[in-house]
Amino acid sequence: MHLLNLTLSRPSAITCAIYGNFSAPKVHEIVVARGKVLELLRPDDAGRVQVVHSTEVFGVIRSLAPFRFPGAQQDYVICGSDSGRIVILQYSKEKNCFNKVHQETYGKSGCRRIVPGEYVAVDPKGRACMVAAVEKSKFVYVLNRDNDARLTISSPLEAHKGSTLCYHVTGLDMGFDNPVFAAIELDYAEADQDPTGEAASEAQKHLTLYELDLGLNHVVRKYSEPIDNGANMLVPVPGAGEGPGGVIVCAENFLIYKNVDHPEVRAVIPRRSNLSAERGVLITAATSFKQKNNIYIFLQSEYGDLYRVSLDYEGEQVKELRVKYFDTIPACTSLCLMRKGFLFAAAEFGDHALYQFSSLGDDDTEAVESSSATLMQTDEGFQPVFFDPRALTNLELLDRLDSLAPITDMKVANLANEEIPQIYAACGRGARSTLRVLRPGLAVTEMAVSPLPGNPTAVWTVKKAVSDEFDAYIVVSFSNATLVLSIGETVEEVNDSGFNGNVPTLQAQLLADDSMLQVYPNGLRHIRPDRRINEWRAPGRKTIQRATTNERQVAIALSGGEVIYFELNPQGMLVESEKREMGGDVACVAVAPVPEGRQRCRYLAVGMFDGTVRVLSLDPDSTLKVLATQAVGATPESVMMLDSPSAGKEGTDEGAGAGALFLQVGLVNGVLLRTEVDRVTGQLSDTRTRFLGTKPPKLFAAPVRGERSMLALSSRPWLGYSDQGKFNLVPMSYEALDYAAGFCSEQVPEGFVAVAKNTLRVIALERLGEFFNQQQLRLRYTPRKFVIHPDHKMLVVAEADHAAIPLAQRDDLKQQHQEGQQGAEAMQTDQQDGAVPAGPELSEESAAREDQWGAPMGEPGQWASCLRIVDPVALQTTHCIELDDNEAALSLCLVSFDSQPEAGVLLAVGTAQGLKFYPKEVQNGYVRVYRFLDEGKRIELVHKTQVDGVPGAMAAFKGRLLVGVDNNLRLYDMGKKRLLRKCEYRRLPTRVATLATTGSRIYVGDGQESMLYMRYKKSDNSFYVFADDIVPRHVTAALHLDYDTVAGADRFGNVFVSRLPPEISAQVEEDPTGGKYAAETGMLGGAPNKLQTLVNFHVGDTVMALQRAVLQPGGREMIVYGTISGAIGVLYPFASREDFDFFQHLEMHMRQEHPPLLGRDHLAYRSFYFPVKDVIDGDLCEQYPQLVPDKQRSVAEELDRSPGEVLKKLEDIRNRII
Amino acid sequence: MASLSDRFNINAQLEHLQAKYVGTGHPDINRFEWNLNIKRDTYASLIGHQALAAYHAIAENESIGRVKYNFLQNMLLPCGLPPEKEEE
């Protein structure tokens, strides 16, 4: 088995985000780390966050810091990763990628205890940086500029201290004195030695300052003072004339201002009034911004509350520290305060957001504030300050970035009866949980739909002048008339445009001298800027069949197969310059726009009804000479010329290797051909084909991100655009369109106008580069598992949250319920108890509030849980049952019992009562059995059975129910009042995490000990283990592939496939003893037979769900996985040995020629826990187009191919997958 | 004092490793010390891999920041108090 790993949708969780000017001075950008992906984001003027660049680094990005030299206007990025190296990156605007400026090795690779990389801190004045580990090690690097203003890096200076934990590191603002780094440290040496526990209880955190003596090139531990034992984070305060300097230490419940020779200034952090007294308030994210003399510091607590911190100071003396409640947004991993008053919030779970400040809260007198001046000490400690969270007052939401993280369960199924199956993903946590339906394709926003009289045949947009930014007219052609609409505040019909409205239009175009051209069957109508009209009439009885135009050139095809070519002369006249008999009817013609700085486009593409496409020259000395002909096998419906993505914006750099022109041909059989046109000779080469749909693709040009891109309208619309040097052809999630054109107006800066049947539509793309289009349904608690009812096509979701308050006990909701606000619109909840209010997710208002604030916190060991039936097509909850008695639904399965066939398919739900962690304990476990009512729209409890443990996994097995309770496996049959235990196996290693069955085999995924294969012996009514694995794996997901083979994933981000060798499998089946001795003959308590690992691969992210699926009509089956960081990827089995060899070699060369950006060895990364086996990393291979052309060529030569062929192969394999 | 023979001496090498890499074992290591290192290494790994921290955060319904902080706190005494030293 050989697999290709390909990430379809990169992780959407953000682990770290920094703000700076990375691509150019004064361009405000954010660099985010998404686990193993580094991205550059830029909010546009409208406040929408755009992904500028995204690259996989094949390593764990743990920390980021922006770095800027004094006086410089651009930032570098310093990355702390698992590579044991410090890497400094610079973003190159020209190449649109990150360039590695420096890479210095300091330690082993991996996320280790004493290898730095967890923390990175920089000196605010841009002279040094520090990388630190969670224990002991700290390195300081001096950064400088050489004569050419290039960044230089020194050898590392050590600042180690043994047996010391480090909580946070930051660089203090010292002006131009020696750079100082502050760290929170805790020494554990004595606690390890003292059996009485006295030393441990006295262990004290210290604030330690490390000074880098630039003169001596040496780091000294300058200052170390005890600090509050709850300290976890440091926020530097600007100094050196712009502020008092020093640092704010964030501790549990307190903020403490510290500086050398300065008394401690302490203030309490205001806390939510509904928070239990045992819980502290921990600051988990901070951001600060300095503008002139104002210092803005914002902190966020673990509950999501934002605080603004202000300091009253005189010189270097801080008199007062004030903490003011600002607003509440979801808890973040990183906050970035940006210029222009933007706040970028990278949420821990769920969608990220960009906010705008509507005020800084200065005149907000209602907000609760605590101050060091009013700090009250009582017998029980300091007097707390309380507040209640409120709706957003100082911030406004500008944009949301969809995030799937965390995906807790995922299934691929075609429940909506579409062309390809949908991906159903249970995402999110707590009140921000959602069920999302993903479909491959670009999300499209419908801006306007208006009905038209009759069915239009075509549509164009025309500007008034070349220099205009926005389109002025929409020209709609019908079979016997033309309608001209003017675009303004509203879209209205106009008659003064100069177009002839009584004839159908074939083409409308604005010419280079601001005149307009209308091509209609009987001639050309040239409307000069001064409204004079020149008409050219088609000769004799011939009519114009096809036409193509650009700013200076016009080509028309007459009936009978004559092509006439016109050019705009300097006097502003269209002059017929050549005609030619093509010897057959012309099916389509196309000319590309005039390249910038040129007089004309050199090629005309003509598609003929005889199944050929010809390229004609438009050069003055060889006008309409046939340069190349290609037989395409079917009648071409539409042709188009498109610059290749790497041709540069102007498309002028001739012969620059990849900078070719592409001829796109849509055929009547639904296939799109893409052929390279040589820029010099016009020769055609290297054809690629792609099936788009059942209708012949019609091709239209439209600008996307300012570049000319292609719309291909088949049975569904597709968009071909260039993204990071690659041509992408992706479906759009929209209904079939008949004709389209680019559209640009004040309201819709970049969109399309299209006709579909008798409507005119204006649509815009939502976010380019997102692979999936999402629909979502809000859930109440964290989804744990879901199942699909195959007959009723309904989803059953089990949701459960630890330390949450169940609905029935929620005072805040009860109050609202009594006020009757929700009563009216509340959906039916559990009818047994009329007092239970509706779930907050059911009303838009309360859902939004819950999303912003989070649900109130409960006690540890308290659970809130519900079962929900969802109609996946309408995406609606049809029934929801809240569980009582502190039960948490953790596992689900559908089962039909042989003993009661009349009961049909039942739902079994495994619940744990009062589950607690550290140590793990549970009061009780139950298996609840429900029956479906109303075609699966509702469920009803049949009975519940106590199982004394956590039922972690369940499966239907031979008409009975198999339940994994802790480390026991039990078989239950249906009884009248409860389930009846039939058989039990008690010796599984730790905990049953997954269960799958076929025939009499059971595949058990253990919480720590990988897969076990078991059999059920009917005669003895007993289970026995006949095979297990030789390596420990903490299984999180398993997928049974065939009788002997199982694919699985573990907690550490590995995916594996294990197989029982065929001879052993046969032996087990034919065992004459019936397995009598099989269970007892293993070595050291293990099973007698061992599984073989077929495939090993480190995905780099905990895989939570594995599914088999076909994502393309007629495609091959593959494994789809979803990860905790919200990534979706596939493992695709190679169809042939040849393909595998090719990719294996390509991967090998890519490892050599394109080592990962952060200095992690690719092979070592993919072998993080187990050596990689028989998986080719498609993500690395797909970086091939990012190589410089020379390297591309040399790699291709090694593979005995041309770069074009390698690219084609890469494209092919992706097209085969999706 | 350090001569060439010292440097290649197995004990000197071991000492060097023990000084350089925290957690390197020694012949007299006891169960507690061994456990201590394993647990601290584990916590460091859980903090370093965001996915693992998120995994715990979802189970506990705490914020990732809090979970990481708790892991760091646990590194102080990861397996309880050390055993009484045996009198020799």
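The crossing of helices α6(A) and α9(A) is right-handed in this predicted model. Two packed helices are described by the angle between their axes and the distance between the axes. Here, α6 (residues 1137–1153) and α9 (residues 1189–1198) of chain A pack at about 145°. Their axes lie 10 Å apart. From α6(A), the contact draws on A:Leu1146, A:His1149 and A:Glu1153. From α9(A), A:Lys1191, A:Val1195 and A:Glu1198 take part. By class, the residues of this contact are two nonpolar, one polar and three charged.

The contact between the two chains was examined next. Chain A contributes 63 residues and chain B contributes 43 residues. About 4300 Å² is buried between chain A and chain B. Carbon and sulfur atoms give 59% of that area. Between these chains, 20 residue pairs are in polar contact, with both residues at pLDDT 80 or more. Several elements of chain A give two or more residues to the side that touches chain B. Four are strands: β15 (164–172), β16 (180–187), β19 (231–236) and β69 (794–802). The helix α1 (189–193) also belongs to this list. The side of chain A that touches chain B has 29 nonpolar, 14 polar and 20 charged residues.

Charge pairing was then considered. Side chains of opposite charge can pair when their charged atoms come close. A search of the whole structure finds 83 salt bridges over all chains. Between chain A and chain B, the count is five. One salt bridge links B:Glu62 with A:Arg279, where the closest N and O atoms are 2.8 Å apart. Another salt bridge is formed by B:Asp41 and A:Arg113, with the closest N and O atoms 2.9 Å apart. B:Asp41 lies in helix α3 (residues 31–48) of chain B, whereas A:Arg113 lies in the loop between β9 (97–105) and β10 (119–122) of chain A, so this pair joins two chains.

Backbone geometry was examined in three loops of chain A. The peptide bond from A:Ala405 to A:Pro406 is cis, and its omega is near -10°. A:Pro406 sits in the loop between β35 (395–401) and β36 (407–413). A cis peptide bond also runs from A:Tyr918 to A:Pro919, with omega near -10°. A:Pro919 is placed in the loop between β73 (906–913) and β74 (924–933). A:Asp261 is a residue other than glycine, yet its phi is positive, near 55°. The loop that holds A:Asp261 runs between β21 (254–259) and β22 (262–268).

Key:
Residues numbered from 1 in each chain as written. Chains lettered and ligands numbered in written order. Predicted model: local features only at pLDDT ≥ 70, side-chain atom pairs only at ≥ 80, totals over all residues. Heavy atoms only, no water. Contact = heavy atoms within 4.5 Å. Buried area = accessible area lost by both parts, 1.4 Å probe. Salt bridge = Lys/Arg side-chain N within 4 Å of Asp/Glu carboxyl O. Polar contact = N/O pair within 3.5 Å; in protein donor to acceptor, adjacent residues only side chain to side chain. Nonpolar A, V, L, I, M, F, W, Y, C, P; charged D, E, K, R; others polar. Axes fitted to C-alpha atoms, helices over the stretch in contact; angles between N-to-C directions. Left-handed = near helix turned anticlockwise from the far one by under 90°.
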